[in-house]
Amino acid sequence: MDLLQRFEAYIASDKKIEPKDWMPDAYRKTLIRQISQHAHSEIVGMLPEGDWISRAPSLKRKAILMAKVQDEAGHGLYLYSACETLGVQRDDTIADLHSGKAKYSSIFNYPTLNWADIGAVGWLVDGAAIMNQVPLCKCSYGPYARAMVRVCKEESFHQRQGFQIMMTMAGGTEEQKEMAQDALNRWWWPSLMMFGPPDDDSPNSAQSMAWNIKRFTNDELRQKFVDLTVPQAELLGLTVPDPDLKWNEETGHYEIGEIDWSEFKRVISGDGPCNKERIETRRKAWDDGAWVREAAVAHSQKQADRRASTDTAAA
Amino acid sequence: MEKKNWPLWEIFIRSRQGLSHRHVGSLHAADAEMAVENARDVYTRRQEGASIWVVPASAITASSPDEKSVLFDPADDKVYRHPTFYDLPDEIKHM
């Protein structure tokens, strides 16, 4: 059996591909792109929420938000490591983010204007992310699948804490309820866009499905999210900002209005409300951290030299 | 030249594709290739393995048991990292 046949047999029998296995270049490239962009999304995703750590309304909320942002950092690191098993260098991957060559989830280019947004981000953005990530636990590339199992397990509190913020605000004063509604208004559509373009305009989807990287299409996942989330909004006493939204008794699914894909394309190509600020913040963090990285290397060199001279003295 | 003590190798076995390599034990061998061959014989006689990693034991830095509380106690009072910390209405089945 030649290498390609063996690879295809593995995929056909739903076996995992591991780093040392032969794989087609296009499979490797697709995974590098997807996993690195996923990692970047976790790291850039820390920024909109990080903005509210110092302004959280209570010590409890602050501790929770810190724990969540810490988790996102960890998830970025799991994913960068998984990406490195495909033969890329961490520093190059990060350079691609900073140069704009690599993309990240467009949702993080929207601002968090007030505390209700932190609730909406946890509830909707993490909810959508979980919907995307759960099937990835079964994707065909072993290191990615294993990283996803860990991420999903840790992520399970993220959505709950967001929903709880929304519950508190929706059940609070008139003003608080308005803030919750306003946050839902602003985050609803961008959250639906997180699942990516519609199936008939998603050129890479078919190949990713054939390789068992993707298990469901963009539209399938978006539908699942809508079906699960609309009743949650009702429970909160909030209105989903879609006049065309209706329940279809026959299909057992909600039908939604038209998504503004021109907005999606605009934001993903760099022209969203915060694209520039997000990348500048990441670059600045990298540059400001240069002395720490240099000091760590100098320290390890000093320790190694010291050990070498002790060994010589002992011998 | 006879080398008295061969280096110690820590052995990690992947039991099947899709699972991570797990530490199973250690053995002595003159070099990495011999360690792989010996690990095959010592640890995978009953089809336990799909892949072997050998790592020089001297390359492993371990935390000290004395550091246990310093390292791990801080997680004890962070119950909010667990989903069960958040009460949800009964209507919400999956979250």
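**Contacts and pocket in a predicted model**

The structure holds 12 aromatic pairs over all chains. The model is predicted.

Q: Why is the pair A:Phe195 and A:Phe225 called tilted?
A: The ring centres lie 5.4 Å apart, and centres within 6.5 Å make a pair. The planes stand at 50°. Stacked needs under 30 degrees and edge-to-face over 60, so this pair is tilted.

Q: What makes A:Phe195 and A:Phe225 a tie between parts of the chain?
A: A:Phe195 lies in the loop between helix H8 (174–193) and helix H9 (205–210) of chain A. A:Phe225 belongs to helix H10 (residues 218–236) of chain A. The pair therefore joins parts 30 residues apart in sequence. Both A:Phe195 and A:Phe225 are buried.

Q: Why is the pair A:Trp247 and A:Tyr254 called edge-to-face?
A: The centres are 4.8 Å apart and the planes meet at 65°.

Q: Are A:Trp247 and A:Tyr254 buried or partly exposed?
A: A:Tyr254 has a relative accessible area of 12%. Buried means under 20%, so A:Tyr254 is buried. A:Trp247 has 43% relative accessibility, which lies between 20% and 50%, so A:Trp247 counts as partly exposed.

Q: Which residues do ring pairs link into a cluster?
A: The cluster consists of A:Phe7, A:Trp22, A:Tyr27 and A:Trp211.

Q: How do you know that the charged end of A:Arg293 sits over the ring of A:Trp286?
A: The charged end is 3.7 Å from the ring centre, and the distance limit is 6 Å. A:Lys224 likewise lies over the face of A:Phe216, at 4.1 Å from the ring centre.

Q: What makes A:Glu18 and A:Arg146 a salt bridge?
A: Their closest N and O atoms are 3.0 Å apart. The cut-off is 4 Å. This is one of 19 salt bridges over all chains. The pair links distant parts of the chain, 128 residues apart. A:Glu18 sits in the loop between helix H1 (3–12) and helix H2 (25–44) of chain A, and A:Arg146 in helix H7 (residues 142–170) of chain A.

Q: Why is A:Glu18 called buried?
A: A:Glu18 has 3% relative accessibility, under the 20% limit, so it counts as buried. A:Arg146 reaches 23% and therefore counts as partly exposed.

Q: How do you know that A:Lys68 and A:Glu72 are separated by about one helical turn?
A: They are four residues apart in helix H4 (residues 59–84) of chain A, so about one turn separates them.

Q: Why is A:Lys284 called exposed?
A: A:Lys284 has a relative accessible area of 51%, over the 50% limit, so it is exposed. A:Asp288 has 42% and is therefore partly exposed. The two meet in a salt bridge of 2.7 Å, N to O. They lie four residues apart in helix H12 (residues 275–288) of chain A.

Q: Which residues do salt bridges that share partners join into one network?
A: The network holds A:Glu49, A:Lys68, A:Glu72 and A:Asp126.

Q: What makes up the lining of the largest pocket?
A: The lining divides into 17 nonpolar, 15 polar and 10 charged residues. H6(A) gives the largest share, eight residues. The pocket holds about 1,200 Å³ of space. Among the residues closest to its centre are A:Gln34 and A:Asn132.

Notes. Residues numbered from 1 in each chain as written. Chains lettered and ligands numbered in written order. Predicted model: local features only at pLDDT ≥ 70, side-chain atom pairs only at ≥ 80, totals over all residues. Heavy atoms only, no water. Phe/Tyr/Trp six-rings, centres within 6.5 Å; stacked < 30°, edge-to-face > 60°. Helix = DSSP H or I, 4+ residues; strand = E, 2+ residues; numbered from the N terminus. Buried < 20%, exposed > 50% of the residue type's maximum accessible area, 1.4 Å probe, protein only. Lys NZ or Arg CZ within 6 Å of the ring centre and 35° of its normal. Salt bridge = Lys/Arg side-chain N within 4 Å of Asp/Glu carboxyl O. 1 Å grid on protein atoms, 1.4 Å probe; cavity = no way out; pocket = protein on both sides within 12 Å on 5 of 7 lines; lining within 4 Å. Points joined across faces, edges and corners; volume = space filled by probe spheres on them. Nonpolar A, V, L, I, M, F, W, Y, C, P; charged D, E, K, R; others polar.
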